[in-house]
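Please read the points below with the model open beside you.

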Amino acid sequence: MSVAVLTPDEVVAELSDGMTIGIGGWGSRRKPMALVRAILRSTLRDLVVVSYAGPDVGLLVASGQARRIVTGFATLDSIALEPHFRKARQRGTVELTELDEGMLHWGLLAAAHRLPFLPIRAGLGSDVMRVNPGLRTIRSPYDGSGDPFGGGADRGSGAFGGSEDRDDDDLIAMPALRLDAALVHMNRADAAGNGQYLGPDPYFDDLFCLAAERAYVSCEQIVPALTGPPQSLLLNRAMVHGVTETPNGAHFTSCVPDYGRDEEFQRRYATAAADPDAWRGFRAEYLEGDEAAYQKAVRR
């Protein structure tokens, strides 16, 4: 499979109305914001967005392009609740599939492994089952031993002083979160589609790519060759369909060590979101031009 080197607008041209799109990063950290801004410039509509949500979701909710959000939270990190998401939920203008963070992880993992579901304890004892009545529970098909091969410790002994994990407990059968497309941002990539993060956390960007039919990587810089610790080489070319170089492309979210979150700009974004007139001005200043115009505007 060959990997295309694209512009952000060319990436978005490969997407379609009604797609389920996974967006990597976490809250207001290493989000593929240049690709999100390209979606804002497009005519895409009726999107289902799967994300550990931050301003990516906020912008797509504010533009009316997201029909449903699948997430465990929507935050700007230093600002607890994403303001556009909050407003949309209060007004009932966007649908929400609310999951435990671990369930979202497990859904991506199931899709990555081409499984229909994976069992998980996360979410039990919470309102997850009430707000998602379509979820089902499952029990282990094995008897009380839990291991048909006869291995493992006797978990009934309570060796660590905690509660026993019983093999006949109900578990949530977390459905696979299959994606039509994934958008993620890396610190570095090469033209073949391999991607590298240089910060402290990979988040789940590799799972977003593996769970998707098509995955697109924006990066701070396309380099001739990737070097550094092997564990930082998060994405390989078999996961990726297209790569685009977008310097400062995660702004205003962080992309450490290249840059931190632009807290002043984020506060301006959140303040504008609270007032329709202020938001129209913000949108005109920063979001109605192309990516080069955005980058020029934020440097003023």
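1. Trp279 and Phe282 are separated by about one helical turn, being 3 residues apart in helix H9 (residues 276-286), where helices (H or I, at least four residues) and strands (E, at least two) are DSSP runs numbered from the N terminus. This is a predicted model, in which local features need pLDDT of at least 70 and side-chain atom pairs count only at pLDDT 80 or more, while totals for chains, interfaces and linings use all residues. Residues are numbered from 1 along each chain as its sequence is written, and side-chain values use heavy atoms, with hydrogens and water left out.

2. Rings of Phe, Tyr and Trp (its six-membered ring) are taken to pair if their centres lie within 6.5 Å, with planes under 30 degrees apart called stacked, over 60 edge-to-face and the rest tilted. By this rule there are 15 aromatic pairs. The rings of Phe252 and Phe265 have centres 5.5 Å apart and planes at 45°, so this pair is tilted. The pair links distant parts of the chain, with Phe252 in the loop between strand S12 (242-245) and helix H8 (263-273) and Phe265 in helix H8, 13 residues apart. Phe252 is buried at 3% relative accessibility, and Phe265 is buried with a relative accessible area of 3%, where buried means under 20% relative accessible area, exposed over 50% and partly exposed in between (1.4 Å probe, protein chains only).

3. Trp279 and Phe282 form a stacked pair, at 5.0 Å centre to centre and 15° between the planes. Trp279 counts as buried at 9% relative accessibility, as does Phe282 at 6%. Ring pairs join Phe252, Phe265, Tyr269, Trp279, Phe282, Tyr286 and Tyr294 into a cluster.

4. Which residue lies over the face of Tyr294? Arg37 does, at 3.7 Å from the ring centre; a charge sits over a ring if NZ of Lys or CZ of Arg is within 6 Å of the ring centre and within 35 degrees of the ring normal. Arg37 is also one of the buried residues of H2, a helix (residues 33-41) in which 8 of 9 residues are buried.

5. A search of the whole structure finds 1 cavity of 30 Å³ or more; on a 1 Å grid over the protein atoms alone, a cavity is a set of points where a 1.4 Å probe fits but cannot get out, a pocket is an open set with protein on both sides within 12 Å along at least five of seven lines, and lining residues have an atom within 4 Å of a point. About 40 Å³ of space lies in the largest cavity, a volume being the space filled by probe spheres set on the points, which are joined across faces, edges and corners. The lining of the largest cavity includes Arg37, Phe252, Phe265, Phe282 and Tyr294.

6. The largest pocket has a volume of about 300 Å³. Of the 15 residues that line it, the closest to its centre are Val61, Ala62, His84, Lys87 and Arg91.

7. The whole structure holds 18 salt bridges, each a side-chain nitrogen of Lys or Arg within 4 Å of a carboxyl oxygen of Asp or Glu. In one of them, Arg67 meets Asp46 with the closest N and O atoms 2.7 Å apart. Arg67 lies in strand S4 (residues 66-71) and Asp46 in the loop between H2 and strand S3 (47-51), so the pair ties together parts that are 21 residues apart in sequence.
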